[in-house]
Amino acid sequence: MFLLVLSLLLPQPTLDFDYYKTNVEPIFVAKKAGFTRCVVCHSEGGRVGFLEELPAGAENWSDEQSRLNFEAVSRLVTPGDPSGSRLLMHPLEPDAGGDEFHNGGRQFASQDDPWFQALEAWVLGQAGQ
Ligand code: HEC
């Protein structure tokens, strides 16, 4: 109870754009062996289309698109609460605490996965490059 009250009183960490741009967004275009890149499934619009379409032939988004991605991706996390953040839990192996099913597979094998850790740091308010 005390902790609950405390967490309601403490200010929530802020999601930092520079950290996102340097450490989080590259995850969405990176290829992990045996899996499809996030951008392939998540830039098609619809309910789960939280990424902009990559410009034709490009491997990265324009700054303006990154801003839009940042807005959309921010809605998939709860600042200060990694385990309450769908972006972290959905692709995470269920044995490591992740959600039961993700159409895109269990791309984070454990909470020690470097991608998981980059997302976790962002959600906890890490700032900078
Ligand atoms: C093969 C296609 C595919 C790939 C690759 C893929 N996903 Fe998904 N993802 C889906 C589909 C389809 C859903 C919705 C159904 C479900 O929950 O599985 C989904 C759901 C999600 C959700 C929940 C969205 C919501 O609004 O509830 C998140 C978060 C997510 N994916 C993140 C990722 C991340 C991060 C990656 C890359 C590491 C990734 N996905 C790769 C197809 C994919």
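For what follows, helices are DSSP runs of H or I with at least four residues, numbered from the N terminus. The model before you is predicted.

Let me begin with the fold. On that definition, the protein has six helices and zero strands. Its pattern along the sequence therefore reads α-α-α-α-α-α. The radius of gyration is 15 Å, close to the 14 Å that the globule rule gives for 129 residues, so the protein is as compact as a globular protein of that length. Taken along the principal axes, the box filled by the C-alpha atoms is roughly 55 × 35 × 25 Å.

Of the 129 residues, 22% count as buried. Among contacts with a separation of 6 or more, 48% come from residues 24 or more positions apart.

I turn now to one helix pair. Two packed helices are described by the angle between their axes and the distance between the axes. At what angle do the axes of H2 and H4 cross? Helix H2 covers residues 17–29 and helix H4 covers residues 63–74; their axes come within 11 Å and cross at roughly 90°. Angles of 65 to 115 degrees count as roughly perpendicular, and H2 and H4 are therefore roughly perpendicular to each other.

Which residues make this contact? From H2 they are Phe17, Tyr20, Lys21 and Glu25, and from H4 they are Ser66, Asn69 and Phe70. Sorted by class, the contact of H2 with H4 comprises three nonpolar, two polar and two charged residues.

Thank you for your attention.

Methods. Residues numbered from 1 in each chain as written. Predicted model: local features only at pLDDT ≥ 70, side-chain atom pairs only at ≥ 80, totals over all residues. Axes fitted to C-alpha atoms, helices over the stretch in contact; angles between N-to-C directions. Helix = DSSP H or I, 4+ residues; strand = E, 2+ residues; numbered from the N terminus. Parallel < 35°, antiparallel > 145°, perpendicular 65-115°, else oblique. Contact = placed C-beta atoms within 7 Å. Nonpolar A, V, L, I, M, F, W, Y, C, P; charged D, E, K, R; others polar. Rg over C-alpha atoms; globule rule 2.2 N^0.38 Å. Buried ≥ 20, exposed ≤ 12 C-beta atoms within 10 Å, placed from the backbone.
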